[in-house]
Amino acid sequence: MKRLYWPHPNDRDIGGMERFYARMARRGWQLEKRGAFFSRFIRKEPEEVCYRVELASSSGNFGEVQLPPEQIQLYEECGWQYVTGRGLVHLFRAPAGSGEPELYDDPRQQADTLQGLRREARHQLIGACVQTAIYLLLVCLNWSGRFADMRITCLQAPTLVPLALILMGSLLAGALHQVISLGRQYRRMRLGQPLDRRPQWGWRTIQGGFWAAGAVCVAFLVWQAVGTRTLMPVAGQVGPCLVLEQMGEEGELTNLPVREGRESSIRVTPLLGGRWWHGQEIRETGSTQASLFQDVYELSSPQAAAELGPILTETATFGWAMETVEVDGLDWAVCGALEAVAVRGNKAACITLLVPVENDEEQRAALTQALTVLAEQWNDPT
């Protein structure tokens with residue numbers, strides 16, 4: 001027996017649910033069970049079927065709410081077969097054109113069944129507002145104290161923040177639409193007008209816009225993942241990156257002692273108008289070990305690289321201990337005992353270097369030498 005799981009309309013879209021399940025029946029898929037986000041269908045012969053939604057009275061309760069057995073029996077005696085239910089929503093079906101009476105003769109009586117859904121919609125709107133407020137508060141705190149971290153995230157994955165905003169906007173807009181739509185439907189039915197089962201094209205257009213924008217963001221992330229390459233840290237083969245061989249460290253490549261033993265490598269990821277190299281390299285010579293970690297960015301313009309330099313300094317682990325240094329061939333550079341940041345043209349880099357030396361001064365000298373090698377490499381047109 002073939003089964004199909006398919007996303008269904010929101011609980012608050014009563015007319016949309018009835019149209020959706022009738023359309024699936026015409027395609028040969030009969031509703032078997034309704035879940036939180038997906039409905040389960042079984043394969044049957046295509047048929048013309050009418051579905052009707054009956055809403056249980058929640059009485060302020062949450063979770064599954066069953067219809068009274070005598071109510072189900074009454075509807076079945078009138079020709080409506082009970083199918084399934086979840087939460088407040090319960091579904092009945094009958095062959096199209098069989099002449100079964102509607103579940104309600106008076107829209108004013110049916111309007112009272114909307115009260116539970118309206119209550120849930122208001123709770124969902126409050127929750128969406130709280131989530132949005134918390135997210136905006138975090139953005140403001142990041143802006144005032146740790147905005148540099150967000151700038152780096154936006155640079156490395158520029159669609160992550162828009163994707164989060166789209167998700168928040170979609171949830172908030174959906175919750176607001178549900179409250180407004182159910183309120184308008186309730187007032188219409190209280191005036192004796194029947195349930196409006198017409199498609200809500202305006203909201204579908206807005207919803208489609210959110211989906212399209214989200215799809216663009218996800219497509220960019222997929223493009224980044226597909227376009228990412230992994231290289232071995234070999235001199236002359238890793239673009240604008242440094243390797244330990246260039247600083248006289250020629251020991252054997254080894255795995256990282258942390259991060260689940262990940263091997264030394266340089267990962268190249270495409271960006272909007274540029275590329276990002278993320279390198280991690282460890283070499284062992286006897287009992288000594290040298291380590292090099294780096295992030296090198298090739299951006300769309302020298303101005304973007306100049307703006308990124310101070311941001312890399314701020315996000316560096318020991319950024320507070322760095323001092324400005326003059327290195328021939330670099331536009332700007334700062335250096336500490338373990339880390340350095342350099343900018344030239346449209347390139348910017350943050351380097352962490354640990355080599356077997358006696359003291360911090362020798363470590364700083366080794367890092368300054370690394371900046372000199374980096375400047376020569378960046379100035380080499382080949």
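The questions and answers below concern helices, salt bridges, surface and distances.

Me: What kind of model is this, and how are its residues numbered?
Reply: This is a predicted model, in which local features need pLDDT of at least 70, side-chain atom pairs count only at pLDDT 80 or more, and totals for chains, interfaces and linings use all residues. Side-chain values use heavy atoms, with hydrogens and water left out, and residues are numbered from 1 along each chain as its sequence is written.

Me: How are helices H6 and H7 oriented to each other, roughly parallel or roughly antiparallel?
Reply: Two packed helices are described by the angle between their axes and the distance between those axes. Helices (H or I, at least four residues) and strands (E, at least two) are DSSP runs, numbered from the N terminus. The axes of H6 (residues 160-190) and H7 (residues 201-227) come within 9 Å and cross at roughly 160 degrees; axes are lines fitted to C-alpha atoms, for helices over the stretch in contact, and angles run from 0 to 180 degrees between N-to-C directions. Angles under 35 degrees count as roughly parallel, over 145 as roughly antiparallel, 65 to 115 as roughly perpendicular and the rest as oblique, and H6 and H7 are therefore roughly antiparallel.

Me: Is the crossing of H6 and H7 left-handed or right-handed?
Reply: A crossing is left-handed if the near helix is turned anticlockwise from the far one by less than a right angle, and right-handed if clockwise. The way in which H6 passes H7 is left-handed.

Me: How many salt bridges does a search of the whole structure find?
Reply: Side chains of opposite charge can pair when their charged atoms come close. A salt bridge is a side-chain nitrogen of Lys or Arg within 4 Å of a carboxyl oxygen of Asp or Glu. For the whole structure, the number of salt bridges found is 14.

Me: Which side chain meets arginine 283 in a salt bridge?
Reply: Arginine 283 lies in strand S10 (residues 274-285), and its partner, 38 residues apart, is in the loop between strand S7 (229-231) and strand S8 (252-253). Buried means under 20% relative accessible area, exposed over 50%, and partly exposed in between (1.4 Å probe, protein chains only). The distance is 3.8 Å, N to O, and the partner is glutamate 245.

Me: How many residues apart in sequence are glutamate 298 and arginine 275?
Reply: The side chains of glutamate 298 and arginine 275 meet in a salt bridge at 2.9 Å, N to O. Glutamate 298 lies in strand S11 (residues 288-298) and arginine 275 in strand S10, so the pair ties together parts of the chain whose separation in sequence is 23 residues.

Me: Is lysine 347 buried or exposed?
Reply: Lysine 347 and glutamate 298 also form a salt bridge, at 3.9 Å, N to O. Lysine 347 lies in strand S15 (residues 347-354) and glutamate 298 in strand S11, so this pair ties together parts that are 49 residues apart in sequence. Glutamate 298 has a relative accessible area of 18%, and both residues of the pair are buried.

Me: Is leucine 138, in the nonpolar surface patch, buried or exposed?
Reply: Patches are made of residues with over 30% relative accessible area and no salt bridge, like charges being joined within 9 Å and nonpolar side chains (Val, Leu, Ile, Met, Phe, Trp, Tyr) within 5 Å. Ile126, Val130, Ile134 and Leu138 make a nonpolar surface patch of about 380 Å²; accessible areas come from the Shrake-Rupley method with a 1.4 Å probe, and for residues only the protein chains shown count as cover. Leucine 138 lies in helix H4 (residues 115-144). Its relative accessibility is 52%, so leucine 138 counts as exposed.

Me: What is the separation in space of leucine 195 and glycine 15, C-alpha to C-alpha?
Reply: Leucine 195 lies in the loop between H6 and H7. Leucine 195 is buried, because its relative accessible area is 10%. Leucine 195 and glycine 15 are 180 residues apart in sequence, and their C-alpha separation in space is 7.7 Å.

Me: How far apart in space are arginine 43 and aspartate 149, C-alpha to C-alpha?
Reply: Arginine 43 belongs to strand S3 (residues 38-43). Arginine 43 is partly exposed, with a relative accessible area of 42%. Arginine 43 and aspartate 149 are 106 residues apart in sequence, and in space their C-alpha atoms are separated by 52 Å.
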